[in-house]
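Dear colleague,

Please look it over first and then go through the points below.

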Amino acid sequence: MKVFVTGANGLVGQNLIRLLIEEGKFDVHASGKGPSRIAYKKKYACTYHNLDLANHKKVQQLIEHLEPAVIIHLGCISQPNDCESDKTNCWKINVGGTRALVRAAQKVRSYFMYISTD
């Protein structure tokens with residue numbers, strides 16, 4: 001089963017990816033902004049995609065290309081100071097990025113899970 005995880009560079013994302021890989025039943029794809037910071041020793045068992053959630057067109061294109069069975073959305077700007085200093089970008093990522101993922105999930109009939117640590 002193909003699983004797509006956003007927020008792969010964060011604490012929750014890294015631990016979730018490790019668990020999915022260790023389970024051995026999943027084709028794991030993950031995304032984060034910038035290069036992969038996945039610290040897990042078997043990170044090669046996961047395909048990483050550099051993806052800016054503010055680029056809604058790229059988000060939708062990637063999901064339509066991958067057609068994952070499950071999308072687990074963890075990606076966001078979580079620091080309140082960053083959100084306050086750049087409200088437009090915060091909205092594009094936290095609201096618009098989530099909306100783009102949900103729309104793409106509907107299009108390819110993916111199960112969608114949203115999890116937040118904040």
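What follows covers a pair of helices, the salt bridges and one histidine.

Please keep in mind that this is a predicted model, in which local features need pLDDT of at least 70 and side-chain atom pairs count only at pLDDT 80 or more, while totals for chains, interfaces and linings use all residues. Residues are numbered from 1 along each chain as its sequence is written, and side-chain values use heavy atoms, with hydrogens and water left out.

The helix pair consists of helix 2 (residues 56–66) and helix 4 (residues 87–108), whose axes come within 9 Å and cross at roughly 30°. Helices here are DSSP runs of H or I with at least four residues, strands are E runs of at least two, and both are numbered from the N terminus; the axes are lines fitted to C-alpha atoms, for helices over the stretch in contact, with angles running from 0 to 180 degrees between N-to-C directions. Helix 2 and helix 4 are therefore roughly parallel to each other, a label used for angles under 35 degrees. Helix 2 contributes H56, V59, Q60, I63 and E64 to the contact (heavy atoms within 4.5 Å), and the residues on the helix 4 side include G96, G97, A100 and L101.

A search of the whole structure finds 5 salt bridges, each defined as a side-chain nitrogen of Lys or Arg within 4 Å of a carboxyl oxygen of Asp or Glu. One of them joins E64 to K107, with the closest N and O atoms 3.5 Å apart, and this pair links distant parts of the chain, since E64 belongs to helix 2 and K107 to helix 4, 43 residues apart. E64 counts as partly exposed because its relative accessibility is 32%, whereas K107, at 59%, counts as exposed; the classes are buried under 20% relative accessible area, exposed over 50% and partly exposed in between, with a 1.4 Å probe and protein chains only. Another salt bridge is formed by the side chains of K25 and E23 (3.4 Å, N to O).

Finally, H73 lies in strand 4 (residues 70–73) and is buried, with a relative accessible area of 0%. Leaving aside neighbours within four places in sequence, H73 is in contact with T6, L53, T98, L101, F112, M113, Y114 and I115.

Best regards

Technical notes
Parallel < 35°, antiparallel > 145°, perpendicular 65-115°, else oblique.
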